[in-house]
Amino acid sequence: MVALEIVDSHTAGEPTRVVTAGGPDLGNGPLSERVRRWSSTLDHYRSAIVNEPRGSDVLVGALLCEPVDRTCAAGVIFFNNVGYLGMCGHGTIGVVETLRHLGRLQPGTIRLETPVGVVAATLHPDGRVSIENVPSYRHHADVVVDLPVWGRFVGDVAWAGNWFYLVHTGNALPLTLPNVDVLTDLAWQLRQRVNAGGFPEVDHVELFSEAQDPGGHSRNFVLCPGKAYDRSPCGTGTSAKLACLAARGDLAPGETWVQESILGTRFEASYVWHDHERLRIIPTITGRACVNAETRLLIDERDPFAWGIRR
Ligand code: PYC
């Protein structure tokens with residue numbers, strides 16, 4: 001019998017399952033190497049933790065591990081229903097709230113090592129968490145996608161710890177829960193076309209409209225790699241949005257951007273230049289997570305779905 005200690009939380013509606021003990025032994029090499037090892041030989045652990053029957057398509061897992069960089073409080077590897085994420089903004093906020101819940105963290109700033117670089121996370125005295133993401137940039141502007149029935153879309157490809165195709169779809173198709181099926185279908189078609197059109201690395205699609213609530217700057221719908229949509233405004237997605245705004249000169253450094261999710265939950269975001277000449281930014285995303293479960297997952301080899309239902 002394998003037992004894993006976990007803490008569940010949600011950040012602005014999007015769930016995170018932090019594995020605090022009992023996860024796979026990935027050695028102590030660079031985190032990117034540990035991900036390769038996990039995905040090639042121990043992937044069943046990923047599926048057991050986040051997939052049904054213990055989890056669901058929307059759940060993002062976070063494995064806490066020893067960092068290589070000793071200035072970091074911990075290493076963290078994020079994963080989902082189909083694979084592994086470079087970084088995860090809502091997940092990092094969930095990790096910080098989890099560490100606070102476990103009594104391992106006081107207000108202040110820590111560094112966390114991820115497979116794509118070190119991020120800083122600040123727990124504020126009021127419980128909000130700000131994360132300073134990895135350097136982010138617009139990779140390609142004005143990528144045109146023509147879809148049957150839908151017509152033409154023009155969007156940007158950007159990196160912010162994950163790869164995104166970002167496109168303003170306007171208010172004609174409201175980014176609201178009753179439209180989730182059609183939004184998912186549209187975003188999936190866009191992803192396939194963008195992948196086929198020279199950007200095979202893009203695995204997140206982010207649709208934008210005007211904000212629906214006062215004080216918001218934009219609303220988004222983010223489709224994740226395993227076809228689940230992000231209930232939060234997506235930390236890396238908001239970072240990618242800032243990189244595109246910065247590259248266009250549409251948002252100044254230090255200016256606050258309020259990003260609404262499809263649920264209407266919000267992240268506040270801003271950036272500083274990392275490399276002005278190359279239009280690379282360091283985004284900061286602020287949000288709040290709530291812990292909602294603390295338990296042990298049991299993996300019994302006699303269970304036909306011990307290692308999860310895998311696609
Ligand atoms: O918040 O960065 C994020 C994220 C990525 C996928 C789901 N959430």
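D43 and R310 meet through their side chains in a salt bridge, at 2.9 Å from N to O. D43 sits in helix α2 and R310 in the segment after β17, so the pair ties together parts that are 267 residues apart in sequence. The model is predicted. It holds 15 salt bridges.

**The D43 site**
- D43 is buried, at a relative accessible area of 14%, which is under the 20% cut-off.
- R310 is partly exposed, with a relative accessible area of 46%.
- A network of salt bridges links D43, R46 and R310.

**Helix α1 against helix α2**
- The axes of α1 (residues 31–41) and α2 (residues 43–50) come within 5 Å and cross at roughly 85 degrees.
- On the α1 side, W38, S39 and T41 make the contact; on the α2 side, D43, H44, Y45 and R46 do.
- By class, this contact has two nonpolar, three polar and two charged residues.

**Salt bridge R296–E5**
- R296 pairs with E5 in a salt bridge, with the closest N and O atoms 3.8 Å apart.
- R296 lies in strand β17 (residues 289–299) and E5 in strand β1 (residues 2–11), so the bridge ties together parts that are 291 residues apart in sequence.
- E5 is partly exposed, with a relative accessible area of 33%.

**Salt bridge D69–R111**
- D69 and R111 form a salt bridge, the closest N and O atoms being 3.4 Å apart.
- D69 is in the loop between β3 (60–65) and β4 (74–79), and R111 is in strand β6 (residues 108–114), 42 residues apart.
- D69 is partly exposed at 23% relative accessible area, and R111 is partly exposed at 36%.

Key. Residues are numbered from 1 along each chain as its sequence is written. This is a predicted model: local features need pLDDT of at least 70, side-chain atom pairs count only at pLDDT 80 or more; totals for chains, interfaces and linings use all residues. Side-chain values use heavy atoms; hydrogens and water are left out. Axes are lines fitted to C-alpha atoms, for helices over the stretch in contact, and angles run from 0 to 180 degrees between N-to-C directions. Helices (H or I, at least four residues) and strands (E, at least two) are DSSP runs, numbered from the N terminus. Contact means heavy atoms within 4.5 Å. Ala, Val, Leu, Ile, Met, Phe, Trp, Tyr, Cys and Pro count as nonpolar, Asp, Glu, Lys and Arg as charged, and the others, Gly among them, as polar. A salt bridge is a side-chain nitrogen of Lys or Arg within 4 Å of a carboxyl oxygen of Asp or Glu. Buried means under 20% relative accessible area, exposed over 50%, partly exposed in between (1.4 Å probe, protein chains only).
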